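Let's take a friendly walk through a protein model, one feature at a time. Keep the picture at hand and look up each residue as it comes along.

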Amino acid sequence: MGSAAQEARGALAGRVAVVTGGGRGIGHAIATTLAQQGADVALLDLLPDVAAVADQLGESTGRRCTGVLADVTDADAIAAAFDTVADRLGEPDALVNAAGIANNTPAHETDPAVFRRVIDINLTGTYLVCRELGRRLVAAGRPGSIVNISSMSGHIVNLPQPQAAYNASKAGVAMLTKSLAIEWAPHGIRVNSVAPGYVVTDMTRQVIEAQPERSAQWLRRTPIGRLGTPDDIAPAVAFLLSDAAAFVLGHDLVIDGGYTIV
């Protein structure tokens, strides 16, 4: 193995990372990459099999991994989850907020409760989990790093699907990231975000299979000529968490195959 590959594999050695939405999709790919690069990883998710998923991740990577059931919209549940992570793995110093949902109902037909739910999970949930790690790190005088998963939908209005709530929530995540980055930089806590384009996950695969004309339009508008995979996103997240990105602060890294530039 070359020196660069060796360095990459140990880039997060000694870190304890929390990944929300880590039970599947982009979150799970990120958790896998973090473990491969030396971090011990806690998966926070509402999926009932999150503990088993974490056990499998630990077996495959040789790292300590644990799964914790937690609702990112519940501040008390988040605090309890972080206590559990601290007991099992040690106090976390890295965080990835990948939990999120989407809704494709036209804005004039969207139930306000549905709109609030998207905002609550995607934006408020991101804030609450960031807040929990931030308060722990500040109180302990420890540095740390956070990467939030925003979206290219925080920069552009996607076509053809209507998704006003999702777009608004992800634009909010990008600005929340910048705001926290400025507040917490004096404490040695770096906050950045990654904005994926169209990525094939279990959730988007359902759309691809049910509405092939929609996914065909996504593909036509993506200059690189393919949709993304979770493995296209995970290495960038690991980089932003690592010391290699020590001078990167408040950045929203768009990874979309060129979708937003044409």
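How are helix 5 and helix 6 oriented to each other: roughly parallel or oblique? Before the answer, please keep in mind that this is a predicted model.

## Helix 5 beside helix 6

Helix 5 covers residues 112-140, and helix 6 covers residues 164-184. The two pack at an angle of about 15°, and their axes are 8 Å apart. Angles under 35 degrees count as roughly parallel, so helix 5 and helix 6 are roughly parallel to each other. Their crossing is right-handed.

Which residues make this contact? On the helix 5 side they are F115, V118, I119, N122, L123, T126, Y127, C130, R131 and G134. Helix 6 contributes A164, A165, Y166, S169, K170, G172, V173, L176, L180 and W184.

Let's zoom in on T126, which is found in helix 5. Is T126 buried or exposed? Its relative accessible area is 3%, and buried means under 20%, so T126 is buried. Leaving aside neighbours within four places in sequence, T126 is in contact with N97, I121, N148, V173 and L176. T126 and I149 are 23 residues apart in sequence, with a C-alpha to C-alpha separation of 8.9 Å in space.

I121 lies in helix 5 as well. With 11% relative accessibility, I121 also counts as buried. Once neighbours within four places in sequence are set aside, the contacts of I121 are V72, T73, A99, G100, I101 and T126. One of these, A99, is 22 residues away from I121 along the chain, and the C-alpha atoms of the two are separated by 7.3 Å.

## Helix 4 crosses helix 5

Helix 5 has another partner to look at: helix 4, made of residues 75-89. The axes of helix 4 and helix 5 come within 10 Å and cross at roughly 50°. That angle makes helix 4 oblique to helix 5. The crossing of helix 4 and helix 5 is right-handed.

Here A75, I78, A79, F82 and D83 from helix 4 meet L128, V129, E132, L133, R135 and R136 from helix 5. What kinds of residues make up the contact of helix 4 with helix 5? They divide into seven nonpolar, no polar and four charged.

## Helix 2 and helix 9

Now move to helix 2 (residues 25-36) and helix 9 (residues 230-241). Their axes come within 8 Å and cross at roughly 50°. Helix 2 and helix 9 are therefore oblique to each other, and their crossing is right-handed.

From helix 2, the residues in this contact are G25, I26, A29, I30, T33 and L34. They meet P230, D231, I233, A234, P235, V237, A238 and L241 in helix 9. The residues of the contact of helix 2 with helix 9 divide into eleven nonpolar, two polar and one charged.

## An aromatic cluster

How many aromatic pairs are there? The count comes to two. One is formed by Y198 and W218, which are stacked, with 4.1 Å from centre to centre and 10° between the planes. Y198 lies in the loop between strand 6 and helix 7, while W218 is in helix 8, so the pair ties together parts that are 20 residues apart in sequence. Both Y198 and W218 are buried.

Y198 also pairs with Y259, this time edge-to-face, with 5.4 Å between the centres and 80° between the planes. Y259 sits in the segment after strand 7, so its pair with Y198 ties together parts that are 61 residues apart in sequence. Y259 is buried, as is Y198. Put together, Y198, W218 and Y259 form one aromatic cluster.

## A cis peptide bond

One last stop is the backbone. Most peptide bonds are trans. L159 and P160, however, are joined by a cis peptide bond, with omega at about 5°. Where is P160? You will find P160 in the loop between strand 5 and helix 6.

Conventions: Residues numbered from 1 in each chain as written. Predicted model: local features only at pLDDT ≥ 70, side-chain atom pairs only at ≥ 80, totals over all residues. Heavy atoms only, no water. Axes fitted to C-alpha atoms, helices over the stretch in contact; angles between N-to-C directions. Helix = DSSP H or I, 4+ residues; strand = E, 2+ residues; numbered from the N terminus. Parallel < 35°, antiparallel > 145°, perpendicular 65-115°, else oblique. Left-handed = near helix turned anticlockwise from the far one by under 90°. Contact = heavy atoms within 4.5 Å. Nonpolar A, V, L, I, M, F, W, Y, C, P; charged D, E, K, R; others polar. Phe/Tyr/Trp six-rings, centres within 6.5 Å; stacked < 30°, edge-to-face > 60°. Buried < 20%, exposed > 50% of the residue type's maximum accessible area, 1.4 Å probe, protein only.
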